[in-house]
Amino acid sequence: MKITRRTFLENAGATIAASTTLQQAESPVRLGVIGTGGRGSDLLRALTTIDEAVVAGVCDDYPPHLENGAKYAGPQARQFSDYRRMLDELKPQAVVIAVPLYLHYQVARDCLDAGCDIFLEKTMCFTIEEARQLVTRVDSSGRVFQVGLQRRANPIYRQARAMVKAGMIGQIVSFKAQWHRNNSWRRPVPVPRNSPDWPRLERRLNWRLYRQYSAGLMAELGSHQMDVANWFFDAHPNRVLATGGIEFFRDGREVWDNVSCLYEYKLKDPRGNPYTVRASYSSLCNNAYEGAAELILGTRGSLYLTSSKGLLFQEKGTDVVSWESGTNAADSNAAVVTAGKTLKLSNDPWAHRGTPFEIDIAEGNDTRDELVSFIDHVRRRDPKTICDARTGLLDCATILIANHSIESGSWVQFPA
Ligand SMILES: NC(=O)c1ccc[n+]([C@@H]2O[C@H](COP(=O)([O-])OP(=O)(O)OC[C@H]3O[C@@H](n4cnc5c(N)ncnc54)[C@H](O)[C@@H]3O)[C@@H](O)[C@H]2O)c1
């Protein structure tokens, strides 16, 4: 089995730049960026490298972040502290939204009403109901809309998905993903602890830690990785059982510092018969050993994926043994397999698994790739973005039902 870069670039449409040609429209897309904190700054830095886009305005209601954003955007960008004023006065063609999760729906709705195309950071919305409403609004608006799940733009993931669709790992049997870090998630507050401004600033900067604004680890990290399962399986989970808690960072936060989830997906085998795939997900804030990765296990092989590396490990499956031939060699192969060679290998985490095939991609930047794709769709007026509102809704529901399960302590079905 040979994986050539060319074959899979062709099959996967693997690089956004290769698969979508930026049209030479008269003028670049005029953008406003709303929310110029951590992620907004990443997006701004990438946008300023794309010739077909110009950042005409930046908006943030926290002055130090607005100042930073303006620095990244360049002198042509006007500065606003109120996004509604920016929409009125600047009339941007498109907006990039990177505000805290609880504001996603409100800001996206107002930008749609102002006639803008939208790039909205993940997770699409704070509640499933908001996400449903946003889908309806996007559908009736005729605007181009993309959610910022950048793995969908990453050539490694695009090639890996094409490999799964081509049957290269056989029938999917399991999915495992984790995002493990050793980091409190807490941001420093730039005023003394006894300052009257401290409580307000602390909640603003550490919005991720409070339930009023945040859906915790599943929304901030799990949304990227469970979207890989949804995308690779072309399905959403059927149900989930999850658990989580605040066990280590007893610092006043309200979101769990560790979560573990078991999802069930109903898929079809190659004969069209339904079967269940179990997908496990975990996120930790105090051990980074396994980092962030997804593992897709199939009857013929396993794909290990990260944003910068993709590896295919082949299985020593029984289908490589010639049972029918009756030759001694085949019999002895068969004996080895039935004696549990594969099992023995896979039971030993240190066993040699053979040299994996590596998905061979030059180093890229999937944040830039997703924006290139968005700008391209805006210019071509193509609503079929690489992560549309419906995909955003499925992702949002996938991670929020895990939170609901943690709260209720029971299985939660995927909503109708
Ligand atoms: N795709 C990714 O890899 C990725 C990575 C990090 C964050 N994110 C997402 O990006 C979003 C922002 O996260 P962040 O880490 O940048 O948070 P952040 O706190 O660093 O930035 C959010 C910014 O929004 C600003 N803001 C809040 N209310 C506003 C308002 N009404 N008008 C204008 N600005 C307002 C804040 O002042 C802040 O500067 C979140 O949804 C997060 O999940 C995505």
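In the predicted model, strands E9 and E10 form a hairpin with five residues between them. Within the turn, Gly 272 has a positive phi of about 90°. The two strands, E9 and E10 (residues 274-284), run antiparallel and are joined by eleven bridges. One of the paired positions links Asn 258 with Leu 284 in E10.

On E9 (residues 258-268), pairing also involves strand E8 (residues 239-245). Seven bridges connect E8 and E9, again in the antiparallel sense. Here Gly 244 stands opposite Val 259 in E9.

For E14, antiparallel pairing with strand E13 (residues 310-314) extends over two bridges. Phe 357 in E14 is the bridge partner of Leu 312.

Across the protein chain, the secondary structure amounts to 14 helices and 15 strands. The chain has 416 residues, of which 42% count as buried. Contacts between residues at least 6 apart in sequence were also examined. Of these, 70% join residues at least 24 apart.

In soluble globular proteins, nonpolar side chains tend to be buried together. The largest nonpolar core in this model holds 104 residues. Leu 31, Val 33, Ile 97 and Ile 118 touch the most other members. Helix H14 (residues 389-408) supplies the largest share of this core, ten residues. Domain 1 (5-152 + 368-388) and domain 2 (171-362 + 397-412) both give residues to the core, so it lies between them.

The surroundings of Val 33 were then listed, leaving aside neighbours within four places in sequence. Val 33 is in contact with Gly 40, Leu 43, Leu 44, Val 55, Val 58, Cys 59, Gly 69, Ala 73 and Val 96.

Definitions and conventions:
Residues numbered from 1 in each chain as written. Predicted model: local features only at pLDDT ≥ 70, side-chain atom pairs only at ≥ 80, totals over all residues. Pairing = 2+ DSSP bridges. Helix = DSSP H or I, 4+ residues; strand = E, 2+ residues; numbered from the N terminus. Buried ≥ 20, exposed ≤ 12 C-beta atoms within 10 Å, placed from the backbone. Contact = placed C-beta atoms within 7 Å. Core = buried A, V, L, I, M, F, W, Y, C linked by C-beta atoms within 7 Å. Domains from an automatic or database assignment.
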